[in-house]
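Morning, everyone. Please look at the model on the screen, and I'll walk you through it.

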Amino acid sequence: MTSTSRRAYGVKGAPYAFLLPASVLFLLFFALPIGYAIWLSFRKVQVSGLGLGSGARKEVWAGLENYTDAVTDSELLDGALRVLGYGCIVVPVMLGLALLFALMLDSEKVRLAPFTRLAIFLPYAIPGVVAALLWGFLYLPDVSPFYFVLDRLGLPQPDLLDGGPLYLALSNIAVWGGTGFNMIVIYTSLQAIPAEVYEAAKLDGATPLQIALRIKIPMVAPSLVLTFFFSIIATLQVFNEPTTLKPLTNSVSTTWSPLMKVYQDAFGKGDIYAAAAQATIIALATLLLSFGFLRAANRRNKQEAAR
């Protein structure tokens, strides 16, 4: 092999060399655990006699038994319904506030924009468990300063950790922590819009409100789709908030969300096979919902582009 050939081969192989470390990490810490979980979902433990002695408990092939049990499990289905109601509150409120804050920060009349951006984004930098714990104590009547003020003013003191208000309490934690990230994504997209577009709109007599509704929002639609996509995934995987608030109230069960049900079966009951099947179903549901939403969004974009 000549030096020129070796040099050409080295240039062609350079991208693969750069990809190798990331590929190895992806294989070891992502692909293999997923494959192992899927393999476990088709297994179960078979107990012989009283389950005592050597060989009394052995792992055998279960087929679709774990999946059948999962889709007929009332606790898993109830958890899915609770997460659906939770998501109906979190996603529109969080994205609505993120869009509003982004439009306000993109306004020409805004003051202290760097500080405001940091203030809105800062809650996202706080770990979810810490945020849930902080808000949990603010919800407790005995230690919350808000309840102290309401008591002094003679106003009613709602119990936010019981019944229907629990959804609002959990949703508030998610909205408070996730709005900043979505706002940054949308704001960055707004900053990429050419200034000439705004100047042409002003020459046509458009007001700031008309510019926001008819120019800015349509042009950041891809960012809105992206943030909605991320929000759906985060909603389906809610775990930190209800788990952290569980010791503070009896209204949050150990199976309040699907992921809490998976955790309870795997580490509470020790049935990792059923938990693996449930986790696989949740992952497939997340994939199908996300893929369906992205496909619908892409179809709409193509239809608008064809007009």
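**Burial, shape and cores**

Of the 307 residues in the protein, 32% are buried. Buried means under 20% relative accessible area, with a 1.4 Å probe and protein chains only.

A word on the source. This is a predicted model, where local features need pLDDT of at least 70, side-chain atom pairs count only at pLDDT 80 or more, and totals for chains, interfaces and linings use all residues. Residues are numbered from 1 along each chain as its sequence is written, and side-chain values use heavy atoms, leaving out hydrogens and water.

Confidence next. pLDDT is the predictor's confidence in each residue, from 0 to 100. The protein's mean is 87, and 93% of its residues reach 70 or more.

Now the fold. There are 13 helices and 2 strands, taken as DSSP runs: helices are H or I, at least four residues, and strands are E, at least two, numbered from the N terminus. The radius of gyration is 26 Å, well over the 19 Å of the globule rule for 307 residues, so the protein is more spread out than a compact globule. That radius is taken over C-alpha atoms, and the rule is 2.2 Å times the number of residues to the power 0.38.

Which residues have the most contacts inside the largest nonpolar core? Tyr86 and Trp256, in a core of 20 residues. Such a core is a set of buried Ala, Val, Leu, Ile, Met, Phe, Trp, Tyr and Cys residues, joined through side-chain atoms within 4.5 Å. Helix α7 gives the most, with 6 residues.

How values were computed: Buried means under 20% relative accessible area, exposed over 50%, partly exposed in between (1.4 Å probe, protein chains only).
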